[in-house]
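Here is a protein worth a look from the inside.

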Amino acid sequence: MEYAKFGDTFYIRADKGDELIASVLKVCECENIKSCIFSGIGGCSEALIQTFIPEKGEFETQAISGSLEMISINGNIISDGNRLYHHAHALFSYKKDGGHFTAAGHLKETTVLYTAEIELRPVTGGTIGRTYNPETGTGFWKLK
């Protein structure tokens, strides 16, 4: 993984074998970024996609693998003051058994197949925190 900063924006190139979410979090740690938004595209070899099921209060996970085109990833990083948390959604297209398919949802993790290109924009003028919601078992933005 390599990254560079131009203006207030970071540009990340993840390489074959990199875990993409870990790469984004590493840039945040190295640059002391406590909250940001990010987006990008790329090619991946495997992904864990989740869908939250409110009735169960848990996520269902779908694993996909092969030559996955990451059509889009959008997400954010926030902090509770001690730890960074990611929240990302992604859309993938892929071939399976001669057909074309898509899979999308909350992205837990994905491994880069050949490259992924991410634009990361830190929050300026403040920090978005994290508050825990016991009803869903997940964290949300804390704006004050």
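What follows covers the pocket, one histidine beside it and the nonpolar core.

The model is predicted: local features need pLDDT of at least 70, side-chain atom pairs count only at pLDDT 80 or more, and totals for chains, interfaces and linings use all residues. Residues are numbered from 1 along each chain as its sequence is written, and side-chain values use heavy atoms, without hydrogens and water.

The largest pocket has a volume of about 550 Å³. Its lining counts 19 residues, and nearest the centre lie His-86, His-87, His-106, Thr-138 and Gly-139. Strand 4 (58-79), strand 5 (84-96) and strand 8 (138-142) each give two or more residues to this lining, and strand 5 gives the most, with 5 residues.

| Class in the pocket lining | Count |
|---|---|
| Nonpolar | 8 residues |
| Polar | 9 residues |

His-106 sits in strand 6 (residues 99-122). Is His-106 buried or exposed? His-106 counts as buried because its relative accessibility is 14%, and buried means under 20%. Beyond neighbours within four places in sequence, His-106 is in contact (heavy atoms within 4.5 Å) with Leu-48, Ile-49, Gln-50, Phe-59, His-87, Ala-88 and His-89.

How values were computed: On a 1 Å grid over the protein atoms alone, a cavity is a set of points where a 1.4 Å probe fits but cannot get out, and a pocket is an open set with protein on both sides within 12 Å along at least five of seven lines; lining residues have an atom within 4 Å of a point. Grid points are joined across faces, edges and corners, and a volume is the space filled by probe spheres set on the points. Helices (H or I, at least four residues) and strands (E, at least two) are DSSP runs, numbered from the N terminus. Ala, Val, Leu, Ile, Met, Phe, Trp, Tyr, Cys and Pro count as nonpolar, Asp, Glu, Lys and Arg as charged, and the others, Gly among them, as polar. Buried means under 20% relative accessible area, exposed over 50%, partly exposed in between (1.4 Å probe, protein chains only).
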